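Me: Hi! Could you walk me through the sheet in this protein?
Reply: Happy to, let's have a look together.

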Amino acid sequence: MDILNQTDCKGIGLGLESGNDATLKLIGKGFTTFESEKAIRNLSNIGIKSYGYFIVGFPWEDENQIRQTLDFAYNLSRKYSFKAGVVPYKVYPGSKDFRKIVGENPSRGKIDKLIRFKSAALTHPNDSAEIREFLKGRERYTVLHDPEYYNPSTIDPQKIVWYIREFYLRSRFS
């Protein structure tokens, strides 16, 4: 604790990923929601703000588990000096799920079919070759939620986005 105070630490980011213990176990996080909350409480008690990052829409998750994660994140932000970020599950190159979809050595055409990237930082949407190179360099390919090709979640991606939007609105206006 003294070391944090000596370094003038004001905040810590935590990859909490889920508010569901079964999901935490499946992704190998090595901690439970109880332990997450305890860590956040301890940080808050010594005046350090924490930021938690969550993912919803894992392939095995149902809507109940998504709501559980969002409720967990919301409740932490109401109780402690805590802010949560929530994103939908995505598949990245190098991950087991990506290899299951495209194999070990995917063709450029197969990767192109999977690419979807949106970022305010990349303001030139017509520069698709530049964007592809940027993504390739940083391995930031994401899988399209295309029902004809692959949908990693059993839940409609639009519904997942709706849940996330609802979470941010609830967090902001309550």
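Me: In which sense do strand β2 and β3 pair, and over how many bridges?
Reply: Strand β2, residues 49-56, pairs with β3 in the parallel sense over seven bridges. Strands here are DSSP runs of E with at least two residues, helices are runs of H or I with at least four, and both are numbered from the N terminus. Two strands pair if DSSP finds at least two bridges between them.

Me: Is this a real or predicted model?
Reply: The model is predicted, with local features needing pLDDT of at least 70 and side-chain atom pairs counting only at pLDDT 80 or more, while totals for chains, interfaces and linings use all residues. Residues are numbered from 1 along each chain as its sequence is written, and side-chain values use heavy atoms, leaving out hydrogens and water.

Me: What stands opposite tyrosine 53 in β3?
Reply: Glycine 85 does. Isoleucine 55 has a bridge partner in β3 too, valine 87.

Me: And how many bridges join β1 to β2?
Reply: Five, and these strands also run parallel. Isoleucine 12 stands opposite serine 50 in β2.

Me: So what's the strand order?
Reply: The order is β1-β2-β3, in an open sheet with parallel pairing. The edge strands, each pairing on one side only, are β1 (11-17) and β3 (82-88).

Me: New topic: which strands does helix α4 lie across?
Reply: Helix α4, residues 63-79, lies across β1, β2 and β3. With β2 and β3, α4 makes a right-handed β-α-β unit: with the strands pointing away from the viewer, the path from the first strand over the helix to the second runs clockwise.

Notes
Contact means heavy atoms within 4.5 Å. Axes are lines fitted to C-alpha atoms, for helices over the stretch in contact, and angles run from 0 to 180 degrees between N-to-C directions.
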